[in-house]
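Dear colleague,

Please find below the structure I promised to pass on, followed by my notes on the parts I have looked at.

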Amino acid sequence: MQNFVFQNPVKLIMGKGMISSLKDEIPSDRRIMITFGGGSVKRNGVYDQVKDALKGHYTVEFWGIEPNPSVETLRKAVELGKKEKIDYLLAVGGGSVIDGTKLISAALLYDGDPWDLVLAGRRITETVPLATVLTLPATGSEMNNGAVISRTETKEKFAFYSNYPVFSILDPQVTYTLPPHQVACGISDTFVHVMEQYLTVTGQSRVMDRWAEGICQTLVEIAPKIRENQHDYDVMADFMMSATMGLNGFIALGVSQDWATHMIGHELTAIHGLTHGHTLAIVFPGTMNILRKSKGEKIIQMGERVFGITSGTPDERIDATIARTDEFFRSLGLTTRLSEEGIGESTIVEIERRFRERNVHFGENGDVDGVVAGKILRDRI
């Protein structure tokens with residue numbers, strides 16, 4: 001196990017009706033801006049719960065943070081926040097709303113363009129306090145300090161790091177009315193988050209390995225149950241916790257990480273607008289196959305412990321594990337080939353160019369450059 005320092009300050013508030021605790025968690029003298037995505041929170045009752053809990057608080061609302069939040073939209077939120085002298089933020093939504101609000105929290109205390117903070121490539125620690133009410137499990141943004149921000153005019157998408165939320169509220173009941181495709185992408189996103197921290201080399205940490213495998217086993221077990229009945233409280237609670245635990249730092253302690261699949265997936269989203277979790281379902285099996293030599297032992301371990309694959313030669317077990325992973329994504333109702341989404345060679349060439357110009361080297365061994373990314377994508381046509 002590698003050396004590490006770990007601290008996660010987020011207070012997690014989980015369960016039925018816990019949105020009402022907002023009134024006790026946010027000081028009454030704060031000027032709050034509540035950020036939202038579209039109108040689903042008004043249809044599922046979350047909006048009314050939030051507003052009822054914050055009666056007596058000064059609140060301003062900002063609507064319209066889109067999937068893959070754009071800096072163009074977030075600039076408007078920052079302008080409103082400065083005008084209203086906002087000193088507390090509450091993100092009500094999924095990972096995109098929370099991600100966007102993280103940039104707002106930093107930009108409210110910055111005089112320049114918010115995009116400067118994204119391009120700076122360093123964690124911003126001077127921010128306005130932020131809390132969240134999670135409505136779509138997927139990214140783990142409710143319990144980490146990361147975000148991904150897009151710039152529509154240039155079709156770019158980059159990671160951004162700031163402070164952790166002060167607290168996050170998770171009520172599984174709010175997931176009942178989510179569109180099945182969003183849930184499927186959330187499950188895929190969670191699964192690959194875990195894999196990015198797990199599917200590297202063997203022997204680094206028994207604890208982290210089994211923690212990661214346990215989350216993935218849970219996802220494989222509950223996915224068909226979610227497809228059958230999205231109103232099962234216990235199953236949706238397990239989904240929410242899997243997403244949160246998958247990227248809050250716990251399973252990354254002392255182990256190497258990959259993240260090449262995510263970086264490639266971000267480019268597919270930036271260029272084509274494909275939902276992030278869906279891009280991962282397409283790319284990840286290709287990452288497994290092209291990097292099978294360096295990841296082979298861990299793929300075999302994954303196959304045995306997550307999918308129960310115990311027979312065959314090493315190559316046969318690797319093939320079977322990749323096939324089962326692909327089947328799992330397809331069982332969610334997701335396509336797993338670029339061609340199924342009308343994406344072909346021209347996009348691959350563009351992603352190769354972007355990686356080459358940025359001189360990137362992703363993966364636990366730093367060996368995923370533009371050339372390797374191209375091989376991974378061509379494996380998924």
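Ile-34 has Leu-90 of S4 as its bridge partner, in a model that is predicted, so that local features need pLDDT of at least 70 and side-chain atom pairs count only at pLDDT 80 or more, whereas totals for chains, interfaces and linings use all residues. Residues are numbered from 1 along each chain as its sequence is written, and side-chain values use heavy atoms, with hydrogens and water left out.

Strands S2 (residues 31-35) and S4 (residues 88-94) pair in the parallel sense over 4 bridges, where pairing requires at least two DSSP bridges between two strands; strands are DSSP runs of E with at least two residues, and helices runs of H or I with at least four, numbered from the N terminus. Both belong to an open, parallel sheet of 6 strands in the order S1-S8-S5-S4-S2-S3. S1 (11-14) and S3 (58-62) stand at its edges with a single partner strand each, so one side of each has no neighbour in the sheet.

Helix H9 packs on this sheet, touching S1, S5 (130-136) and S8 (167-170), contact being heavy atoms within 4.5 Å. The direction of H9 makes about 170° with that of S1 (axes are lines fitted to C-alpha atoms, for helices over the stretch in contact, with angles from 0 to 180 degrees between N-to-C directions). The axes of H8 (residues 206-228) and H9 (residues 233-246), moreover, come within 10 Å and cross at roughly 145°, through a contact that includes Trp-211 and Ile-215 of H8 and Val-235 and Phe-239 of H9.

Best regards
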